[in-house]
Amino acid sequence: MKKGPGRPRKYPQGVVAVTMTLPRDVLEELDKARKKLSLSRGEFISLLLEHYKH
Amino acid sequence: MPRPRKKQDGKITTIYLERWALEKIMEISKETGLSLGDLIEIWLTKEERIARMVAEYEGLKKHSLELEKLVIVLEDKLLKAEQQNEKLLLERDALREENKTLKAELAELRKQLRMTARERRAEEFKAEIYEILDRYGKNGSIKMLELLKKLGHSSGDLKKYAKDFLEQWFVDDGKMLVSDELDLVVEKVHGLGELAWIVKRMSHSFRGGLVEVKA
């Protein structure tokens, strides 16, 4: 199992590009959910994080 | 815990994340020992939470749109109210001006009402005589005969008119007759009757002696 996200590349605007390998079905699920809300993948993940509880 | 997947099932992808989001993911990943892919998979499979989150998000979006519409309506109302207020302020200023004029007119009317009938008659008579003095007088004076003629007494007993005029308005002061009401003096001419006497303007400041005012 891979530990931690992929290596981040820095962008001046404070947005970071992260390259990773995701299972196809997870990626499809992610795209399906984010499109419902008209959000980008990054924005959708931020939304998930806002609702994340341990 | 999600089941392990084979590498060939995966797809390489790049996701653009806000820095705070990446930092949080790294923190969670460190705590749980799971990769971002695993975390996303876990989050997505918790359908109930996702459904609630989506509903909440959509609700907020809808509410935001409603608020935006409300802001537009309120801004429109505010603009109209401001225009109305401006119009009312102009009307108020106009009404204040009108009120000022009406008060002045009312004060004048009250003043006139307070005047007795004799005072009103004296005002009118004085204005009439002063006009004659302005038009036909010489240095602000005119002969009684001329004055009576200009006053419209062209026939009849002019001497009687003169006597009545003097008796009604003037006080005998020896050499002269004085009328405070008409602001006039009549200068007697020695040896001649009232019709030959001279009618003159009198200064308002006259009290002890006569002051002639040149026309």
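**Reading a predicted two-chain model**

Author: In chain B of this predicted model, 41% of the contacts between residues at least 6 apart in sequence join residues at least 24 apart.

Reader: How many helices and strands does chain B have, and what pattern do they follow along the sequence?

Author: Chain B has six helices and six strands. Read along the sequence, they give the pattern β-α-α-α-α-β-α-α-β-β-β-β. Of the 215 residues of chain B, 18% count as buried.

Reader: What should I look for in a sheet, and what is the order of strands in the one in chain B?

Author: Strands of a sheet pair through backbone hydrogen bonds, in either a parallel or an antiparallel way. In chain B, five strands form an open sheet in the order E2-E6-E5-E4-E3, and the pairing is antiparallel.

Reader: Which strands stand at the edges of that sheet?

Author: Strand E2 (141-143) and strand E3 (171-172) of chain B do; each has a single partner strand, so one side of each lacks a neighbour in the sheet.

Reader: Where does chain B touch chain A, and how many residues take part?

Author: The contact takes 34 residues from chain B and 34 residues from chain A. On the chain B side, at least two residues each come from strand E1 (10-18), helix H1 (19-32), helix H2 (36-45) and helix H3 (47-114). E1(B) gives the largest share, nine residues. By class, the chain B side has 18 nonpolar, seven polar and nine charged residues.

Reader: Which strand of chain A pairs with E1(B), and in what sense?

Author: Strand E2 (residues 15-23) of chain A pairs with E1(B) in the antiparallel sense, over nine bridges. As a landmark, A:Thr19 stands opposite B:Thr14 in E1(B).

Reader: How do I read the crossing of H1(A) and H2(B)?

Author: Take the distance and the angle of the axes, then the handedness. The axes of helix H1 (residues 24-36) of chain A and H2(B) come within 10 Å and cross at roughly 55°. That angle makes H1(A) oblique to H2(B). The crossing is left-handed.

Reader: Which residues of H1(A) and H2(B) meet there?

Author: From H1(A), A:Val26, A:Glu29, A:Leu30 and A:Ala33 meet B:Gly37, B:Ile40, B:Glu41 and B:Leu44 of H2(B). This contact between H1(A) and H2(B) has five nonpolar, one polar and two charged residues.

Definitions and conventions
Residues are numbered from 1 along each chain as its sequence is written. Chains are lettered from A and ligands numbered from 1 in the order in which they are written. This is a predicted model: local features need pLDDT of at least 70, side-chain atom pairs count only at pLDDT 80 or more; totals for chains, interfaces and linings use all residues. Two residues are in contact if their C-beta atoms, placed from the backbone, lie within 7 Å. Helices (H or I, at least four residues) and strands (E, at least two) are DSSP runs, numbered from the N terminus. Ala, Val, Leu, Ile, Met, Phe, Trp, Tyr, Cys and Pro count as nonpolar, Asp, Glu, Lys and Arg as charged, and the others, Gly among them, as polar. Two strands pair if DSSP finds at least two bridges between them. A residue is buried if 20 or more other C-beta atoms lie within 10 Å of its own, exposed if 12 or fewer, and partly exposed in between; C-beta atoms are placed from the backbone. Axes are lines fitted to C-alpha atoms, for helices over the stretch in contact, and angles run from 0 to 180 degrees between N-to-C directions. Angles under 35 degrees count as roughly parallel, over 145 as roughly antiparallel, 65 to 115 as roughly perpendicular and the rest as oblique. A crossing is left-handed if the near helix is turned anticlockwise from the far one by less than a right angle, and right-handed if clockwise.
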